[in-house]
Each structure stands twice: as C-alpha cells, then as structure tokens.
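Please read the points below with the model open beside them. They concern side-chain pairings and one stretch of the chain.

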Amino acid sequence: MVNLDELDALHQQGKFLEAIAGCNDCLKSSPEHSECLIRRARWKCEVAAEKPDNEKKDLFAEAETDARKAVEVDPKNFSAHKAVAVALGKKSGLVGTSEKVSLSREVKEFAENAIGLNPKDSASHHILGLWHFNVANMGWVAKTALKLVYGGLPDASNEKAVEAFQNAIAHEDCPPHHIELAKVYQAMGKKEDARSELTACINGSDTLPSYRIAIEDAKKMLQKL
C-alpha cells in the first residue's frame with residue numbers, strides 16, 4: 001500500500017524523480033488512485049521547470065492526462081481540478097495564439113472549480129491571477145480569437161489579477177506569487193509596488209525549482225526596474 005506521507009517527504013527533500021517513481025509503482029497496482037495521479041501530475045510540472053521546451057511539452061501532456069483522470073475518478077477533489085488547470089496553463093506557454101486562447105477557457109474553469117471546492121488553496125488563486133493577467137494583456141489578434149471562443153471579451157483585468165495574487169500570498173507566502181504580482185504592478189505602472197514584491201520574492205524560500213527560477217527572474221527584473 002502506498003504511503004503518501006513518504007512520497008510527500010521525498011518531494012519536500014527535492015527528490016522529485018524518486019517521488020514520481022513511487023507514484024508510478026502505486027499506479028501500476030491502483031491505476032485510479034486519485035492522490036497518486038494528482039501528485040504525479042503536479043510533480044511532473046515541477047520537474048519540467050528546468051527542462052528544455054521539447055521535454056517540457058511531453059511532461060505537461062503526461063501531467064494533463066493524469067490530472068484529467070484524477071478529476072474523472074475523484075470529481076470533488078479540489079487538487080484534481082487544480083492539477084488540470086496547472087498542466088493546461090503550463091502547456092499554453094508552449095503553443096500558438098489560437099491554441100493558447102482555446103486553452104484559457106479550461107484553465108479558468110478548472111481553477112474556479114478548485115477554488116469553489118477549497119477557497120484557501122493558494123495555487124488555485126495563483127492560476128486565476130495568471131488567467132486574468134494574461135487575458136487582460138493579450139494583443140488584438142488574440143482578443144479577436146477570444147471573442148470567438150468566449151462569445152465576447154471575457155471579464156479579465158489587471159485589478160482582478162492583483163486581487164487573486166494577493167489572495168494566493170495570504171494563504172501561502174512563496175516566491176512565485178510575489179513575482180507574478182510584481183509583473184502585474186509593472187504592467188499597471190506601479191513601480192514601487194512591483195519593487196516591493198520583487199524584494200519579497202528574492203527573500204523567499206528556494207526549496208523548489210519553481211521557487212529558484214522565480215527568485216532568479218526577480219533579481220533580473222529588479223535590476224531593470
């Protein structure tokens with residue numbers, strides 16, 4: 001029987017491949033184990049952070065498959081919905097405008113599903129913040145496609161992005177939340193607020209690959225601000 005605490009401990013120690021291997025073993029005997037599907041999806045997205053784009057694409061596709069299956073077998077599990085939103089959001093960074101716009105609808109849907117099931121989950125608020133920021137700042141070509149996908153322009157704004165990232169930080173203070181909030185403030189012309197968030201990012205924990213990437217990016221942004 002799988003010990004989820006042991007898998008989580010491996011993840012916290014940065015032993016991502018060992019943690020994923022543990023999920024693989026679990027899913028061989030219990031292919032519909034939602035918690036292992038969710039963890040494998042989430043951890044593959046984390047591993048992808050430091051991989052080249054061609055490897056990222058495969059890992060995000062695998063994560064999406066796991067996450068969608070988790071939703072299918074455990075539809076009331078907020079983490080399953082969040083895992084789909086994360087995988088699709090990551091995938092959208094590697095595709096063209098048309099597919100990016102198409103994916104955005106599901107990203108928002110699954111993020112809001114997760115928040116509805118667990119309003120205190122910081123990552124779900126982070127995903128919703130990214131959705132608002134990315135959609136609000138799309139170019140005219142993308143916005144034309146948005147009208148077709150949504151039947152009009154969706155209700156997205158930088159102000160709502162700020163609110164979502166602030167909610168994320170309130171529930172879990174970590175570098176990725178701060179740097180994304182800084183990007184929104186920068187787009188809004190609020191340099192001092194952006195500088196404050198970048199500083200908070202740089203002073204945050206560096207225990208995960210995504211945290212380290214956020215910190216390094218924040219240092220570069222701060223130099224140019």
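This is a predicted model: local features need pLDDT of at least 70, side-chain atom pairs count only at pLDDT 80 or more; totals for chains, interfaces and linings use all residues.

1. Residues are numbered from 1 along each chain as its sequence is written, and side-chain values use heavy atoms, with hydrogens and water left out.

2. The structure holds 13 salt bridges, a salt bridge being a side-chain nitrogen of Lys or Arg within 4 Å of a carboxyl oxygen of Asp or Glu. One of them joins D8 and R39, at 2.8 Å from N to O. Because D8 lies in helix 1 (residues 4–12) and R39 in helix 3 (residues 34–48), this pair ties together parts 31 residues apart in sequence. Helices here are DSSP runs of H or I, at least four residues long, numbered from the N terminus. R39 is buried at 11% relative accessibility, whereas D8 is partly exposed at 22%. Buried means under 20% relative accessible area, exposed over 50%, and partly exposed in between (1.4 Å probe, protein chains only).

3. E64 and K91 form a salt bridge with their closest N and O atoms 3.3 Å apart. The pair links distant parts of the chain, with E64 in helix 4 (residues 53–73) and K91 in helix 5 (residues 78–92), 27 residues apart. E64 is buried, at 14%; K91 is partly exposed, at 24%. Both belong to a salt-bridge network that links E64, R68, K91 and E106.

4. Helix 10 (residues 175–187) has 13 residues and reaches 19 Å from its first C-alpha to its last, close to the expected 18 Å, which is 1.5 Å times one less than its number of residues. Of its 13 residues, 10 are buried, among them H177, I179 and L181. Their cover includes helix 7 (122–136), helix 9 (158–171), helix 11 (191–202) and helix 12 (209–224). Within helix 10, E180 forms a salt bridge with K183, the closest N and O atoms being 3.4 Å apart; these residues are three apart, so about one helical turn separates them. G189 follows helix 10 and has a positive phi, near 80°.

5. The whole structure has zero disulfides, a disulfide being a pair of cysteine sulfur atoms within 2.5 Å. For C23, the nearest cysteine sulfur is that of C36, 4.7 Å away. C23 is buried at 0%, and C36 is likewise buried at 0%.

6. The charged end of K108 sits over the ring of W131, 5.1 Å from its centre. The criterion is NZ of Lys or CZ of Arg within 6 Å of the ring centre and within 35 degrees of the ring normal.

Conventions. Helices (H or I, at least four residues) and strands (E, at least two) are DSSP runs, numbered from the N terminus. Contact means heavy atoms within 4.5 Å.
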